[in-house]
Amino acid sequence: MTASLLPRERRELAPGAVHLPDWLTLDEQRELVASCRAWARPPAPMRATRLPNGGVMSVRTVCLGWHWEPYRYTRWATAPAEEGGARERVKPFPPELVALARRAVADAYGDAGAAAAYEPDCALVNHYDATAKMGLHLDKEEVSPAPVVSLSLGDACRFRFGNTETRGKPYVDAELRSGDVVVFGGPSRFAYHGVPRIFPGTGDPAIGLSEGRLNLTIRETGLTDEVVDAEEAARAARVAGRSGRSARRTTGEQA
Ligand SMILES: O=C(O)CCC(=O)C(=O)O
């Protein structure tokens, strides 16, 4: 197919959202796939995230640095009840991803200062099988407005990048292939985005991934353990207060 041999152009999907095709070398892709395989192992392994409405995401995710669960960050993943329900400490955020993400910010924006100031501390590593999707959503649990760096490996996908107001139009679609990076920051940092479709069988097995797509979204959360621990303590107190009130209601006791 001649079209795939032509160099693909850098594209601004929206102000501050830049797609750089073929950004990773084959060796870098191979190394990242091997790292993802190691990160996917227990403890706090790659799992499908359960949503508060009882649904389960079709994408499987392992987190680094901070563990994301709907809709907050913690340092702990909780195994599902059928796996014992244990709390498992999230794996550390690897320094090699700091360097890679800074390089992506520098290349996307041509701004060495912004790249040097970027302090990513979290990555979500997502695995998509042939039918997995991710609906349009915002990455909004981070308190830092610094950009998100998103790397693609394996099968190509349709990536939808929208606006900051609604899940609907206007949005643009881009095909992300193995080795591509998207950086979204500035006015697009809190824009809706998602993956409506995977194109199975389009990846290159030479990177060590025979099927599916891996995506790493690297973020600067701006969170500290003190703030998150205080929020967790407040949440626990609210839950304890609620269960105390409902116990009193059940026994007819006065508050
Ligand atoms: O897989 C992708 O390209 C996007 C992933 C994503 O939006 C996320 O992890 O929040």
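Strands β1 (residues 11–14) and β2 (residues 17–20) pair in the antiparallel sense, over three bridges. Strands are DSSP runs of E with at least two residues, and helices are runs of H or I with at least four, both numbered from the N terminus. Two strands count as paired if DSSP finds at least two bridges between them. Glu-12 stands opposite Val-18 of β2. Two residues lie between the strands of this hairpin, and Gly-16 takes a positive phi near 90 degrees.

This is a predicted model: local features need pLDDT of at least 70, side-chain atom pairs count only at pLDDT 80 or more, and totals for chains, interfaces and linings use all residues. Residues are numbered from 1 along each chain as its sequence is written.

## The sheet

β2 also pairs with strand β14 (residues 181–184), in the antiparallel sense over four bridges. Here His-19 has Val-182 of β14 as its bridge partner.

Eight strands form an open sheet, with antiparallel pairing. Their order is β1-β2-β14-β11-β16-β9-β4-β3. β1 and β3 (47–50) stand at the edges with a single partner strand each, so one side of each has no neighbour in the sheet. From one strand to the next, the twist averages 30 degrees. Angles run from 0 to 180 degrees between N-to-C directions, and axes are lines fitted to C-alpha atoms, for helices over the stretch in contact.

## Helices on the sheet

Helix α2 (residues 26–39) packs on the sheet and touches β4 (56–64), β9 (122–128), β11 (148–154) and β16 (213–219). Contact means C-beta atoms, placed from the backbone, within 7 Å. The direction of α2 makes about 95 degrees with that of β11.

Helix α3 (residues 95–109) packs on the sheet too, touching β2, β9, β11, β14 and β16. Its direction makes about 75 degrees with that of β14.

Which residues of α2 are buried? They are Gln-29, Leu-32 and Cys-36. A residue is buried if 20 or more other C-beta atoms lie within 10 Å of its own, exposed if 12 or fewer, and partly exposed in between, with C-beta atoms placed from the backbone.

Seen down the axis of α2, the buried residues fall within an arc of 65 degrees, so they line one face of the helix. The arc is that of the directions from the helix axis to the C-beta atoms. These buried residues pack against β9, β11 and β16. The face turned away from them carries the exposed residues Asp-27 and Ala-38.

Definitions and conventions:
Two residues are in contact if their C-beta atoms, placed from the backbone, lie within 7 Å.
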